[in-house]
Amino acid sequence: MQCSKCKEPAVISEPARCKKHFLADFEQKVKDTIERFQLLQKGQKIAVAASGGKDSLTIMVLLKKWYENVTAITIDEGIEGYRAKTMEDLQRVCKEQNIPLITKSYKDFTGYTLDEMLKKQKFHPCTICGTFRRHLISIASKEFDVLVTGHNADDEAQTILMNLLKGNTDIFPRNGPKTGVGAKGFTQRVKPLYFCTEKEVATFAFLNGFVSEFIECPNAPEGFRYLIRTVLNNHGTKETKQHILEQFLKMKETFPTKSVELPPCKNCGEPSARETCKTCEFLMVVQS
Ligand SMILES: [Zn+2]
Ligand SMILES: [Zn+2]
């Protein structure tokens, strides 16, 4: 397969691109996304939620190239055989790129690692993990103007389908490339990799030497997301994902744009839809 721009050997298909043209196209796509949705401004204090996986390493390094004030925030869940490796990649890249790294752990917050919690109680790992991660990142990002996450086109298309199939359309206004705009108690969240497929991000990270190997979270195959992901990857194309995202964005324009004002949780003070937030609820169970 040849690059359709220069006839050099291609490193990726859909469209066929050589290394040079793929890297240039990828960066341009991220820049266009930032521009289209006005995701970031010069002079902002930018935090990147970084797991050390391909997505967060890619966006972290690109933003460091284009913006002055970039810090990485990472959460150590305590997942045996998974976290150590990604943490190693993250620390190495942060050091090479001169990016400050803030680390928060489940162990410090709850007294237990995720593995220990799952042994103690029968939780769905992704539910409890997502809740604690969001909480810790939300706390750590308060001193920043904007929080960048590495969600890619695959993640986002999956989320839209999952919410649609579960009937959770009321949370659609909170999905999209830019969320938490003007909402009290939340740092604005943006997703510059919104239109980059997982394959493109993986290729970019690999060609740049950010990740030594691709490791999946050992808990991932248990989730509903895994089913949706399999369906999309086996029966969909890059265009299918693109189509879902663009249709969603069109639909989103018809939603009322009221900013969500959530009252504070009576325990921790973080904005919450319920009297006691999910984090505090889980925390009570874990520590009982
Ligand atoms: Zn080329
Ligand atoms: Zn709470």
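Student: With 15 C-beta neighbours inside 10 Å, does Gln44 count as buried, exposed or partly exposed?
Tutor: In this predicted model, 15 C-beta neighbours lie inside 10 Å of Gln44. A buried residue needs 20 or more such neighbours, and an exposed one has 12 or fewer. The count for Gln44 falls in between, so Gln44 is partly exposed.

Student: Which residues does Gln44 touch, leaving out those up to four places away in sequence?
Tutor: Gln44 is found in the loop between helix H1 (19–36) and strand E1 (46–49). Val146 is 102 residues from Gln44 in sequence, yet the two are 7.3 Å apart in space, C-alpha to C-alpha. With residues up to four places away not counted, Gln44 touches Asn69, Asp145 and Val146.

Student: How many residues does each domain give to the contact between domain 1 and domain 2?
Tutor: The domain assignment divides the protein into domain 1 (1–36) and domain 2 (41–263). Their C-alpha centres lie 24 Å apart. The contact takes 12 residues from domain 1, and from domain 2 it takes 12 residues.

Student: On the side of domain 1 that touches domain 2, how many residues are nonpolar?
Tutor: That side of domain 1 includes 4 charged residues and 1 polar residue. The nonpolar residues there number 7.

Student: Are helices H7 and H9 roughly parallel, roughly antiparallel or roughly perpendicular to each other?
Tutor: The axes of H7 (residues 153–166) and H9 (residues 224–235) come within 10 Å and cross at roughly 115°. Angles of 65 to 115 degrees count as roughly perpendicular. H7 and H9 are therefore roughly perpendicular.

Student: Which residues of H9 make the contact with H7?
Tutor: The crossing of the two helices is right-handed. H7 contributes Asp154, Ala157, Gln158, Leu161 and Met162. The residues of the contact divide into 6 nonpolar, 1 polar and 3 charged. Those from H9 are Phe224, Arg225, Ile228, Arg229 and Leu232.

Student: At what angle do helices H2 and H8 pack?
Tutor: H2 (residues 54–66) and H8 (residues 198–207) have axes 9 Å apart, and their packing angle is about 65°. That makes H2 roughly perpendicular to H8, and H2 passes H8 in a left-handed crossing. The angle asked for is about 65°.

Student: Which residues of H8 make the contact with H2?
Tutor: H2 brings Lys54, Asp55, Leu57 and Thr58 to this contact. Its residues divide into 5 nonpolar, 1 polar and 2 charged. From H8 come Val201, Ala202, Phe204 and Ala205.

Terms used. Residues numbered from 1 in each chain as written. Chains lettered and ligands numbered in written order. Predicted model: local features only at pLDDT ≥ 70, side-chain atom pairs only at ≥ 80, totals over all residues. Axes fitted to C-alpha atoms, helices over the stretch in contact; angles between N-to-C directions. Helix = DSSP H or I, 4+ residues; strand = E, 2+ residues; numbered from the N terminus. Parallel < 35°, antiparallel > 145°, perpendicular 65-115°, else oblique. Left-handed = near helix turned anticlockwise from the far one by under 90°. Contact = placed C-beta atoms within 7 Å. Nonpolar A, V, L, I, M, F, W, Y, C, P; charged D, E, K, R; others polar. Domains from an automatic or database assignment.
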